[in-house]
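Hello,

Here is the structure for you to look through.

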Amino acid sequence: MMNEFPKGFLWGAASSGPQLEGAADIDGKVKTVWDHWFETEPDKFYQQIGPRDVSNFYFRYKEDIQTMKELGFNSYRTSISWARLLPDGKHVNEKAVTFYRDVFTRLKENGVKPIINLFHFDMPYHFHEKGGWENRDIIHEFAFYAKTAFDYFGDLVEEWVTFNEPIVPIEMGFLNDKHLPAVVDIKRAFQAGFHTMLAHVYAVKVFKENQNKGKIGIILNLTPSYPRSENPADQEAAKWADVLFNRSFLDPAVHGTYPSELKQFIENEQIELHYEDEDFALMKQYTVDFLGVNYYQPRRVQAGDKASNQDVLQKYFIPYQWPEAKMNPHRGWEIYEKGLYDIAINIRNNYSNIPWYVAENGIGVEGEEQFIDSLGEVQDDYRIEFMTDHLRWLQKGIAEGSNCYGYHVWTFIDNWSWLNEYKNRYGLVRLDLETMERHKKKSASWFYELAKGNTLPEKW
Ligand code: BGP
């Protein structure tokens, strides 16, 4: 059939421990940066809803896993909480082991392959106090955590991910005020980013040395960069945006080397990076088995302002608002479906056609209650349309040889999000915040058809 996806294609959803589990301060879990930030600055959080008030997967996972099965999922990605598994960084919390083992076992029993990520923005607060990603010690702490997870769950999990969107805590925490430490400092950003990359490399090393079964990869948010025009200065700007925001993690993860332009950037900006000699050899040796790609929006840029002394990045590129952009007004993100095809072709051509899957794609909409029909179901046709349009472009990429093996929607049940909390709903399943009840949306039935048929439903 024309619309069919490759055999064995992964269908499912992505989520994360901090956004779904709840039970933030019980059964031995210690504070993450988010728990701490909410305690100290609750006004930063939309409607003052903190990381304790999330969808309680910790208590309701049995029912939720049943729902995944009903939605046709054959896979599901979530993350382990470092702060729950190793509260002091050294000693294993048996309650966490029991919880995660039961979750992974039940997923498998229900035909849902667990893809398990180690880090989704949730640094334990005690490590943050010691400098977090800026302190080189964190690399070894993270490697120990990774080894612990492989040892305790390696018999149940065969697809491991080191990091989800490692650039986000760097961009949002060191060039913005949306993650802690909420400073603007390009030098600190580079050092923290480099340590994050090394933590990833050491986790891959541990995985390979342990001879764990299965595969290990990384999930990156790739934002294809498009220049405003054919003008060389605009083109140059797009190149820099790509180097800084995509290739900075993509190249070392897949090829084991940093792009030469990044080295040039460091020199231009007189960034003194601290490293040890063996770092780059290890990076070269321990590359990933697969790649997860989160795709929400492209990045449109125009020529930088070389004279700018306000913001370092502005010298290299300036964001550009394309007048014809189709926008998701709730999140303020452009919807550009072809971006997914461009990613597919870029991976095919420039990244050895490594096996990859769409690890997040979805649309966050505010005020979804207005679309609830008389039977209590959210009529989210816009979500169905969003996924269909992206999947069409993905199919084109696959037809042209890109090695994509799955698609995960963000997300399963509406979940808590960083500083936006429940403002924008992304789920195939609606969460009633008062009762914590879950109600399937229209897109849930559509997704079931998609997954079971392994093909885009003809009519909907
Ligand atoms: C990705 C993150 C997710 C999720 C999603 C939606 O960047 O991996 O954790 O939150 O984006 O974004 P948001 O919740 O900010 O609207």
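H14 and H15 run roughly parallel to each other, because the angle at which they pack is about 30 degrees and angles under 35 degrees count as roughly parallel. Keep in mind that this is a predicted model.

To find the pair, look at residues 381–399 for helix H14 and residues 442–453 for helix H15. Their axes lie 8 Å apart. The crossing of H14 past H15 is right-handed.

Which residues meet between the two helices? From H14 come Asp381, Arg383, Ile384, Met387, Thr388 and Leu391. From H15 come Lys442, Ser443, Trp446, Phe447 and Leu450. Sorted by type, the residues of this contact are six nonpolar, three charged and two polar.

Now the chain as a whole. It holds 15 helices and 15 strands. Along the principal axes, the C-alpha atoms fill a box of roughly 60 × 55 × 45 Å.

How much of the chain is buried? Buried residues make up 60% of the 460. Contacts across the sequence also stand out as a topic. Take the contacts with a separation of 6 or more: 76% of them are between residues 24 or more positions apart.

Best wishes

Technical notes
Residues numbered from 1 in each chain as written. Predicted model: local features only at pLDDT ≥ 70, side-chain atom pairs only at ≥ 80, totals over all residues. Heavy atoms only, no water. Axes fitted to C-alpha atoms, helices over the stretch in contact; angles between N-to-C directions. Helix = DSSP H or I, 4+ residues; strand = E, 2+ residues; numbered from the N terminus. Parallel < 35°, antiparallel > 145°, perpendicular 65-115°, else oblique. Left-handed = near helix turned anticlockwise from the far one by under 90°. Contact = heavy atoms within 4.5 Å. Nonpolar A, V, L, I, M, F, W, Y, C, P; charged D, E, K, R; others polar. Buried < 20%, exposed > 50% of the residue type's maximum accessible area, 1.4 Å probe, protein only.
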